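Here are my notes on this model, as numbered points. Please read them with the structure open.

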Amino acid sequence: MQKMYFDNSATTKIDPQVLQTYQTVCEKVWGNPSSLHNLGEHAFNLLEQARKQVADLIGRKQDEIFFTSGGTESDNWAIKGTAIEKHIYGKHLITSSVEHPAVINTMRQLEKLGFEVTYLPVDKEGRVSCEDLRKSIRKDTILVSIMAVNNEVGSIQPIDEIAEVLKDYPKIHFHVDAVQAVGKGLGKMLKNERIDLMSFSGHKFHAPRGIGFMYKKEGRMIAPLLTGGGQEKNLRSGTENLPAIAAMAKALRLVVENEDEYSKRQQKIKEKIYDHVEKFDKAVIFSGRDKNFAPHVLCFAIKGVRGETIVHAFEDNDIYISTTSACSSKKHTVSSTLRSIGIDDGIATSAVRVSLDENNTLEEAEEFNNVFDELYEKFRMINS
């Protein structure tokens, strides 16, 4: 049987066209974009061409795009950069209890430095309440950081509604971790003008690993985390990874241009698996199938079977899924998202995640369901 990859929220396979772009730039454009000679000028022009393409694709200005090493750096920079820049105005930050570790652990680090953080609770779908947000805002609040799509269960946060709340507080920076949102039919939401900062990671949409970008609204001030040669307008020093940047711009174009088609296809595949799994007594599904959930993430559990056992059982059948998060899968920790939405730890330890992309098919979903039947029966017999 052909291998089936259902772990795209962890990382995606680089697109062959994207890989070709990467290789071509490596071979033909080796000048440093900061150099004065014509090789450097050629590299600089390509860098800015990629920047403009990325900006156009997400509906922003060219000067508002800053290249980074990925989502983790972008999250750290948005949050710490705001904290450093605005600490004289206040030391209070707001986030949710279901953020990615790149956000949660950054907040915890800042708490050790004297900042105060409010962690908003979530409902049973993993979504924050705008009323809770409004009540949490203080005179010394400098940042609100809320992810667009949860990486574990796929909840879509009410970004537009949060933006409406924050229109009354124009001095507060609004950061959105958009790493899981690219190509998922959420392009309009990500263009909301009240968003000040957004984080993106290339390897989530078929670009190379180790490259990403951050959107920073014109006029919003944040401090640099990396200082040195003054690249990226003195805000992110370090020689630019031009082959990866050009490749990422290509990957973003390929995904965004087909976003509606891709997201609808993923939704159909998700629903095929969802409809099958929910028939079983010991199966518990944590992801929804409505508009409050992204089309590519389906999180479920089989009661009495640990998540890593389920993952390896599917792997033995050449189907690759994960526990709830790639960042915690090898640590055997309980999902912070499931705990936050009130799931008992005994069930949460059984959780696994199927995450799709545009290369998955309904035929693969059918095969997944067949294997699920076999494994469910084996687990039932063992636990009976």
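1. Start with a charge over a ring. Lys-91 sits over the face of Phe-115, 5.4 Å from the ring centre. Keep in mind that this is a predicted model.

2. Arg-60 makes an arrangement of this kind with Tyr-215. The arginine lies over the face of the tyrosine, at 4.3 Å from the ring centre.

3. Next, the aromatic pairs. Searching the whole structure gives nine of them. In one, Phe-200 and Phe-213 have ring centres 4.3 Å apart and planes at 10°, so this pair is stacked. Phe-200 belongs to strand β7 (residues 197-201) and Phe-213 to strand β8 (residues 212-216), so the pair ties together parts 13 residues apart in sequence.

4. Are these two phenylalanines buried or exposed? Phe-200 has 2% relative accessibility and counts as buried. Phe-213 is at 0% and counts as buried too. The cut-off for buried is under 20%.

5. A tilted pair deserves a look. Phe-280 and Tyr-376 are 4.6 Å apart, centre to centre, with 55° between the planes. Phe-280 lies in the loop between α9 (259-277) and β9 (283-285), while Tyr-376 is in helix α13 (residues 362-383), so the pair ties together parts 96 residues apart in sequence. Both Phe-280 and Tyr-376 are buried.

6. Ser-145 stands opposite His-175, which is in β6.

7. Which residues of helix α6 (residues 159-166) are buried? They are Ile-159, Ile-162, Ala-163, Val-165 and Leu-166. Viewed down the axis of α6, the buried residues fall within an arc of 155°, so they line one face of the helix.

8. What do those buried residues of α6 pack against? The partners are α5 (130-136), β5 (141-145), β6 (173-177) and α7 (187-190).

9. Last, look at Glu-232. This glutamate is in the loop between β8 and α8 (242-256). Its relative accessibility is 5%, so Glu-232 counts as buried, the cut-off being under 20%.

10. Which residues does Glu-232 contact, leaving aside its neighbours within four places in sequence? The list is Leu-47, Arg-51, Ile-65, Phe-66, Phe-67 and Glu-240. Take Phe-66 from that list. Glu-232 and Phe-66 are 166 residues apart along the chain, yet 6.2 Å separates their C-alpha atoms.

Key. Residues are numbered from 1 along each chain as its sequence is written. This is a predicted model: local features need pLDDT of at least 70, side-chain atom pairs count only at pLDDT 80 or more; totals for chains, interfaces and linings use all residues. Side-chain values use heavy atoms; hydrogens and water are left out. Rings of Phe, Tyr and Trp (its six-membered ring) pair if their centres lie within 6.5 Å; planes under 30 degrees apart count as stacked, over 60 as edge-to-face and the rest as tilted. Helices (H or I, at least four residues) and strands (E, at least two) are DSSP runs, numbered from the N terminus. Buried means under 20% relative accessible area, exposed over 50%, partly exposed in between (1.4 Å probe, protein chains only). A charge sits over a ring if NZ of Lys or CZ of Arg is within 6 Å of the ring centre and within 35 degrees of the ring normal. The arc is that of the directions from the helix axis to the C-beta atoms. Contact means heavy atoms within 4.5 Å. Two strands pair if DSSP finds at least two bridges between them.
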